[in-house]
Amino acid sequence: MDETITLGLDDIFPFDCRKALDCFNQCCRDINLFLTPYDIMRLKRNLSLSSREFLDRYTTAIYMEEIGHPLVVMKMMGDEKYCPFSSPDGCRVYPDRPWSCRAFPLEPCVGKAGDGRPLTPMYSVVKRPFCLGFNEKNPPSHPFSKGEMWGFPGENNSLTVRAWLVRQGTAVYEKMNDLWSQVTLSERFPAGGLDKKGIQMFFLASYSLDEFSVLASGQGFLETYSLKNEDIRPILRDETSLYAFACRWLRVALLGEEIPLIAEG
Ligand code: SF4
Ligand code: SF4
């Protein structure tokens with residue numbers, strides 16, 4: 001059975017993961033791998049696909065009533081239900097692997113402050129029975145006591161949660177996910193969930209950036225938001241800027257926030 005423990009950023013995280021372990025790749029099969037908009041942007045770029053091609057080939061969209069907006073999940077493949085990017089040598093999209101693959105076996109504890117921003121980061125460590133990255137040889141009475149280290153044969157066993165996340169390169173993902181959280185965790189987000197038109201707007205701007213780019217370059221869009229071609233052109237040229245712009249557009253067009261559509265600076 002899975003065991004879950006909550007940790008802060010400076011708590012010691014006694015864990016190691018390497019190819020030599022018998023469980024190698026077991027964490028890449030039969031999982032609910034939810035993809036954030038930034039994950040999708042990185043993955044489709046890695047694979048030289050359009051957003052739509054990536055979504056159609058590798059994902060399923062689902063609508064969860066309790067969240068009120070669509071989510072995108074990676075399709076697992078074959079009888080063994082492996083992630084499509086899993087290989088005997090490991091992850092085929094490793095430099096652009098999704099946020100949750102980087103953080104595993106940590107998961108963020110989701111919450112929001114009054115202004116819609118996420119709370120101080122806290123993480124759950126989920127000890128899955130198949131994962132040998134935890135030392136099972138000398139389990140202490142409480143392996144995750146603050147500041148306590150316990151004997152692990154690997155070299156990474158004294159990392160804090162913060163150091164683990166640095167090693168996994170999660171900072172840019174968290175920064176980008178935070179922009180999206182300003183939509184999904186906003187107090188303005190409809191309590192009963194999005195309506196049909198809202199779902200279409202949300203899906204387009206969140207998950208299908210290429211199609212959003214076509215919309216944002218149209219004359220009708222420019223006129224609606226009193227934008228000039230020279231305002232939008234640099235945004236359309238840079239995918240990260242487009243991502244940030246799409247999040248801002250959702251705050252304006254979907255949530256009715258009165259903010260400039262183009263952020264200063
Ligand atoms: S994207 Fe890579 S790391 Fe993530 S589940 Fe798939 S193969 Fe594993
Ligand atoms: S140690 Fe855990 S995270 Fe690493 S390969 Fe094994 S199952 Fe996956």
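Pro105 sits in the loop between helix α3 (99-103) and strand β7 (106-108); helices (H or I, at least four residues) and strands (E, at least two) are DSSP runs, numbered from the N terminus. The peptide bond that leads from Phe104 into Pro105 is cis, with omega near 10°. This is a predicted model, in which local features need pLDDT of at least 70 and side-chain atom pairs count only at pLDDT 80 or more, while totals for chains, interfaces and linings use all residues. Residues are numbered from 1 along each chain as its sequence is written, and chains are lettered from A and ligands numbered from 1 in the order in which they are written.

How far can you trust the model? The predictor's confidence in each residue is its pLDDT, from 0 to 100. The chain averages 85, and 85% of the residues score at least 70. Take care with residues 136-156, where pLDDT stays under 50.

Around ligand 1 you will find Cys28, Cys83, Cys91 and Cys101, among others, including Arg97. That shell has 8 nonpolar, 1 polar and 1 charged residues.

Next, look at strands β3 (residues 59-64) and β4 (residues 69-74), which run antiparallel and are joined by 6 bridges; strands pair if DSSP finds at least two bridges between them. Ile62 has Leu71 of β4 as its bridge partner. The two strands form a hairpin with 4 residues between them, and Gly68 in the turn has a positive phi of about 85°.

Ser48, with phi near 55°, lies in the loop between α1 and α2. Lys81, also with phi near 55°, lies in the loop between β4 and β5 (86-87).

Finally, helix α7 (residues 209-216) has Leu209, Phe212 and Ala216 as its buried residues, meaning that 20 or more other C-beta atoms, placed from the backbone, lie within 10 Å of their own. Seen down the helix axis, these buried residues fall within an arc of 55°, so they line one face of α7; the arc is that of the directions from the axis to the C-beta atoms.

Methods
Contact = placed C-beta atoms within 7 Å. Near = placed C-beta within 6 Å. Nonpolar A, V, L, I, M, F, W, Y, C, P; charged D, E, K, R; others polar. Buried ≥ 20, exposed ≤ 12 C-beta atoms within 10 Å, placed from the backbone.
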